[in-house]
Amino acid sequence: MTASDRQSKADHIRHILETEGDAVAANTQGFNAGRYESVADLEAYEDLKSEARAIKEDAIERLPDLIEDLREAVEANGGTVYLADDAADANRYVRDVVEDADGDRVVKSKSMTSEEIELNEALADDCDVVETDLGEWVLQLADEAPSHIVAPAIHKSREGIAELFTERFDPDEPLETAEELTMFAREKLGEQIADADVGVTGANFLTADSGTMALVTSEGNARKTVAATDTHVAVAGVEKVIPSVEDLRPFIELIGRSGTGQDITSYVSLLTPPVDSPTLDFQRDETGPATDRAFHLVLIDNGRLAMREDDDLRETLYCIRCSACSNSCANFQQVGGHVFGGETYSGGIATGWEAGIEGLDTAAEFNDLCTGCSRCVTACPVEIDIPWINTVVRDRINRGADAELDWLVDGLVPDEEPSGLDPQKRLFGNFATLARLGSATAPVSNWLADTAVSRRLMERFVGIDRRRDLPTFASETFREWADGRSTVANPEREVVLFPDLYTNHVQVERGKAAVRALEALDVAVHVPDVPASGRAPLSQGMIATARDHAETVADELLDHVEAGRDVVVIEPSDHALFQREYEQLLDADRYRALADGSYELFEYVYGLLANGASADALVSGDGRRLAYHSHCQQRTLGVERYTEAVLDDLGFDVVTSDVECCGMAGSFGYKQEYYDVSMAVGDELAAQFTADGVEDRTVVASGTSCLDQLGDLLERPSKHPIELVAPTAGTERVSGD
């Protein structure tokens, strides 16, 4: 990406933040809060997710056979099934159906698949096409694209919609309230539906056993679309097929809760078309005689069957289009799908859809907005590993890039990546090399990097935003400090403390504090000479380099595990790497051994105290007032509670932020094109930590990124909580004490 490309993207993001950001944030965060509340009341929530996942896995595995079963069922019912190869094929078929029906008007209920194939545009020359979903109709009037999978007009404010209606229709009375806008739209759309000849719907699910279609909606417009027309066309991707009607249960339980926080959506329609009910006459408010309603099911491939054969993109087909990944994503909450999205799909899962349907070029336009925080993984009702899909696609984008100086780059960089890799990604992916150089030449390196000339050059050539404070490298690394250090004699336990990249080279004091705290609890600490975890290259989509790091780290750490030592990790993102992403980078046995043998620092301290270690060995809080922010990956792993519990047990007065993300996300917050998104996310955390009663508390945070962001957001310093509870230097236990 060139400097001008970065500036252009930054300008676009800033514009969306200013014009759409408030509406998107209010709505997505409301949906997300509703999801938390709704699933809390759902018994066996995790079991339902696993059941839904198993059904989708089975369905995609048997998809060709299920499609044939579905065809037989629909045809036995009197309908027609057409399997379209791509968008053009599907549109041609639908145009033919409309022409045969002598259709002058087509009414449509909400369907992302019809958006994908651009059905409206394909029919526009032959008939009048009207969207009946309120949000879709608003966007049709405004000539705008959806910005959300479930709530397409989520970026539009009530005032903006009122202005649009006034401009287009000049109503007799001003439209101001949501109720007035809704009633006005209902009247206008009712007129359109009454005169329609053909109705087009999507399908949330299709059951192969009976040909039954499930439509899950909030407005009931899908029912009207079917009931008011003599010809019904359903457009759906092949991945919507599941084996049986009985399999619908977990999906109906999950889809509304996951998407909008509703226990169940307003309308759940199970239709086994052709529906033989009479056609409704809305003008006379009566039904006509029963008719032989024609039904056409257009099943669309458009890249899906190829995705089914792709080991890494296959999981995308499990998606039920609920939008939980979008609503839970801090970056999406700020910019919506007009930034974090492609030709059709938006949010974290959009990378898989757009890569499989449109291609890597489209996915590349927004893929970097996924920071791999993994919040979407716990939100997804079918347990899709969305961050991994984003990482794989990022890797493929990297490998598809071209470079003019291949001969110069090959063999001269310490990674396993192709020469065409974007310089920004190569820099951040090789941060371990930069950190070693920075520490070796500190403090000169720190002074040089922070000069105005250096900042301008870094922004121009690798896109490091000059407004962001840079890390300060320590001249003595954590490993150097720990080398040869005496440890506890006759310890209760032994641990290997993983020296993550930042602890080793930048935040050395938190590493020293961790050693002192563990030794005070009668634990012998070993700090191994081991390379960086691979988190940095993985975040840039440099999978081969990350795998190389993972193999080396596993070789070293598993020797300690086999020797009976526990692995303790200070940095939450590295702990998450061991617990989650290493499953993709290592063989199953080595991954499982390392995951089972490693612990987050405060998780381990909590376990020691719970098993008899004396809390008196640590520093008492004595009511000291703290404001604590946990790392997003601590939360997704469920280990943030251990830090809170230890601080509380030691007597600290702790207020914990309920803001789920600080916005920094490692290298993401340093990048010029994403700086404004990063700070917009961070503003919510800053507001909470500067509120009355919190503004004078000591700020503590567990993650490197969080500490960096808080340092830029607040006028007071922040620390890792281990620095508050560890004995001060000179008072810790040493060998022979």
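Visitor: How far apart are the mean positions of the positive and negative charges of the protein?

Guide: Lys and Arg count as positive and Asp and Glu as negative, while His and the chain ends are not counted. Each charge is placed at NZ of Lys, CZ of Arg, CG of Asp or CD of Glu. In this protein the mean positions of the 64 positive and 140 negative charges are 4 Å apart. The model is predicted: local features need pLDDT of at least 70, side-chain atom pairs count only at pLDDT 80 or more, and totals for chains, interfaces and linings use all residues. Residues are numbered from 1 along each chain as its sequence is written, and side-chain values use heavy atoms, with hydrogens and water left out.

Visitor: How many helices and strands are in the protein?

Guide: Helices (H or I, at least four residues) and strands (E, at least two) are DSSP runs, numbered from the N terminus. The protein has 37 helices and 20 strands. Its radius of gyration is 28 Å, close to the 27 Å that the globule rule gives for 737 residues, so the protein is as compact as a globular protein of that length. That radius is taken over C-alpha atoms, and the rule is 2.2 Å times the number of residues to the power 0.38.

Visitor: Which strands pair with E4?

Guide: Two strands pair if DSSP finds at least two bridges between them. Strand E2 (residues 105–108) pairs with E4 in the parallel sense over 3 bridges, with Val106 opposite Val198. Strand E7 (residues 231–237) also runs parallel to E4, joined by 4 bridges, and there Thr201 stands opposite Ala234.

Visitor: Where are the cis peptide bonds and the positive phi values?

Guide: Most residues other than glycine have a negative phi, and most peptide bonds are trans. Here a cis bond joins Pro273 and Pro274, with omega about 5°; Pro274 lies in the loop between strands E9 (267–271) and E10 (280–281). Another cis bond, between Ala442 and Pro443, also has omega of about 5°. Ala44 has a positive phi of about 55°, in the loop between helices H2 (21–40) and H3 (45–61), and is partly exposed at 44% relative accessibility. Ala665 has a positive phi near 55° and is partly exposed at 29%.

Definitions and conventions
Buried means under 20% relative accessible area, exposed over 50%, partly exposed in between (1.4 Å probe, protein chains only).
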